[in-house]
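Please keep the sequence and the model at hand while going through the sections.

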Amino acid sequence: MDELDLLKKDWQKGPVKEESLLSSSEIYPMMHKKSSSIVKTLFYISVAELIFWILVNSIPYFSSAEYRADLEAMYGNNGILLGVTIFTYIVIITFIYLLYTSYKSISVTDNAKKLMESILRTRKIVRYYVIYNLVMAFLSMVFGLYYTIYENPEVSAQFAEFTDKQLMAALAVMVLGTLMFVFVFWIFYRIIYGILLRRLNRNYKELKKLEV
Amino acid sequence: MNKELEHNFVELLEKHQNIVHKVCRLYTNNQDAHNDLFQEITIQLWKAYPKFRGDAKFSTWMYRVGLNTAITLYRKSKRTIDTQGFESVSFKIRSEEYDDTEEQQLKLLYQAVHQLNDIEKALVFLYLEDKNYSEISETLGISEVNARVKMNRVKKKLKTILNP
């Protein structure tokens, strides 16, 4: 007899102990407990990310008049700043909309593969949002540095005194600093999502492997 | 209306809870983890229940939600540290028709199944529950042919685990 058939025979008899069966009064409170599913965690993380980046982008602008004046001077008065701001908000609203529809499409009653795909798609949207923000952060750093070096009289005077070597070193420090900044964020996300979705990714791969 | 829905749900779950217990049995190693997963499946079932349409059997629907929770949604909570062996918790020793060799073999088999990965366990679970390949393929989202191929591989793997 096949091993599994032997197991099946035993299994069919019901492997659940009588005393582990729950009464309805035990089931009621369970239904209303908080879920600890990865979808819920993913949802909290993505909301936190949205808020984090919105704050990062707006707090300096609203809290410091000096920073605002600098920004306005940097962009000039030709409406570029307004354009960039509108663009940023469109991007944020688009991401919120995409995340919302993506979460709505996650259904525990789909088949296993489809469920995993919906979760991974949601995670991808969050990832694009993060990449977008990192790229924007990188660009504004480069743009900000360029502006400071060439438009700020004090700094440009200092740079004019630099020898070629010193200039190279200063640039290298800036580039490295920017790269470090992006790298730290990247590691941070790898860790968060790596831990959260490790099992899901492994199981998804296993299902995909069957199709090859 | 909500109370009525709740009442119907609890009644159905109480009646079919064996399915959830069996899922928990395959995917957890101790009583704490078992209870934890049971609770998460209950939450997911309840959340999905308003969309449950009577045209599917409640039990069939439970297989899907239960397995999806175990394979995909469930995050092991911190307090479910493996302290007790699986067999010491749920393995039943039947006194009637007690057969030492068969009992021993079953024990090894359950241990071997526990060494399979999540997807393999799902296949074994549905197989033990006497589901046909069409149902297995629908639940997991793979083709019927692939379900058969995978099942054969799982059987071979179990043999290797049992006879290294």
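## Terms and conventions

The expected span of a helix is 1.5 Å times one less than its number of residues. Helices (H or I, at least four residues) and strands (E, at least two) are DSSP runs, numbered from the N terminus.

This is a predicted model, in which local features need pLDDT of at least 70 and side-chain atom pairs count only at pLDDT 80 or more, whereas totals for chains, interfaces and linings use all residues. Residues are numbered from 1 along each chain as its sequence is written, while chains are lettered from A and ligands numbered from 1 in the order in which they are written.

## Chain A as a whole

Chain A contains 8 helices and 0 strands, and its elements, read from the N terminus on, follow the order α-α-α-α-α-α-α-α. Along the principal axes, the C-alpha atoms of chain A fill a box of roughly 90 × 40 × 30 Å.

Of the 212 residues of chain A, 11% count as buried, a residue being buried if 20 or more other C-beta atoms lie within 10 Å of its own, exposed if 12 or fewer, and partly exposed in between, with C-beta atoms placed from the backbone. Among the contacts in chain A with a separation of 6 or more, 62% join residues 24 or more positions apart; two residues are in contact if their C-beta atoms, placed from the backbone, lie within 7 Å.

## A loop residue in chain A

A:Asp110 is found in the loop between α5 (80–104) and α6 (112–151) of chain A, and A:Asp110 counts as partly exposed, with 17 C-beta neighbours inside 10 Å. Leaving aside neighbours within four places in sequence, A:Asp110 is in contact with A:Leu115 and A:Ser118. A:Tyr150 is 40 residues from A:Asp110 along the chain, and the C-alpha atoms of the two are separated by 57 Å.

The domain assignment, which is automatic or comes from a database, gives chain B domain 1 (1–77) and domain 2 (96–164). Taken over C-alpha atoms, the centres of domain 1 and domain 2 of chain B are separated by 21 Å. The contact between them takes 8 residues from domain 1 of chain B and 7 residues from domain 2 of chain B. On the side of domain 1 that touches domain 2, the elements giving two or more residues are α1 (2–27) and α3 (58–73) of chain B. By class, that side of domain 1 has 6 nonpolar, no polar and 2 charged residues, where Ala, Val, Leu, Ile, Met, Phe, Trp, Tyr, Cys and Pro count as nonpolar, Asp, Glu, Lys and Arg as charged, and the others, Gly among them, as polar.

Not counting residues up to four places away in sequence, B:Ala122 touches B:Leu67, B:Ile71 and B:Leu140. α2(B) is mostly covered, with 13 of its 18 residues buried, and α2(B) reaches 26 Å from its first C-alpha to its last, close to the 26 Å expected at 1.5 Å a residue.

## Where the chains meet

The contact between the two chains takes 50 residues from chain B and 41 residues from chain A. On the side of chain B that touches chain A, the elements giving two or more residues include α2 (31–48), α5 (100–114) and α8 (144–162) of chain B. That side of chain B has 20 nonpolar, 16 polar and 14 charged residues.

## Loop residues in chain B

B:Asp130 lies in the loop between α6 and α7 of chain B, and B:Asp130 is exposed, with 10 other C-beta atoms within 10 Å. Although B:Asp130 is not a glycine, its phi is positive, at about 65°.
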